[in-house]
Amino acid sequence: MTAQTDTQGSVTTVYKVSGMSCGHCEGAVSGEISEIAGVTSVQAVASTGEVTVASGAPLDDDVVRAAVDEAGFELVGRA
């Protein structure tokens, strides 16, 4: 089961990220993922470890993982 939905040319995927503990962490992860081509919005929630990403097309998990790594956190997988 994946947490990916397609809505009128938009794909929303929920990822689990470990290590986020505060608003600064959320901003770091959101900032890095926002730079991925095609991403239209990112919402990171430290309390749940979930990052919701909306994009114009499905994203390559390895690209998302690299962005999360760059922010200093670990992509666990899809929620």
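Biologist: What do β3 and β4 form, and which residue in the turn has a positive phi?

Modeller: β3 and β4 form a hairpin with four residues between them, and G49 in the turn has a positive phi of about 75 degrees. This is a predicted model: local features need pLDDT of at least 70, side-chain atom pairs count only at pLDDT 80 or more, and totals for chains, interfaces and linings use all residues. Residues are numbered from 1 along each chain as its sequence is written, and side-chain values use heavy atoms, without hydrogens or water.

Biologist: How many helices and strands does the protein chain have, and what counts as one?

Modeller: Helices (H or I, at least four residues) and strands (E, at least two) are DSSP runs, numbered from the N terminus. The chain has two helices and five strands, in the order β-β-α-β-β-α-β.

Biologist: Why is G72 called exposed?

Modeller: Exposed means over 50% relative accessible area, buried means under 20%, and partly exposed lies in between (1.4 Å probe, protein chains only). G72 has 58% relative accessibility, so G72 counts as exposed. G72 lies in the loop between α2 (61-71) and β5. Of the 79 residues of the chain, 35% count as buried.

Biologist: What makes the contact of R78 and D61 a salt bridge?

Modeller: A salt bridge is a side-chain nitrogen of Lys or Arg within 4 Å of a carboxyl oxygen of Asp or Glu. For R78 and D61 the N to O distance is 2.9 Å, so the pair qualifies. R78 lies in strand β5 and D61 in helix α2, so the pair ties together parts that are 17 residues apart in sequence. The structure holds one salt bridge. R78 is partly exposed at 30% relative accessible area, and D61 is partly exposed at 28%.

Biologist: Why is E74 called partly exposed?

Modeller: The relative accessible area of E74 is 47%, so E74 falls in the range called partly exposed. E74 is in strand β5 (residues 74-78).

How values were computed
Two strands pair if DSSP finds at least two bridges between them.
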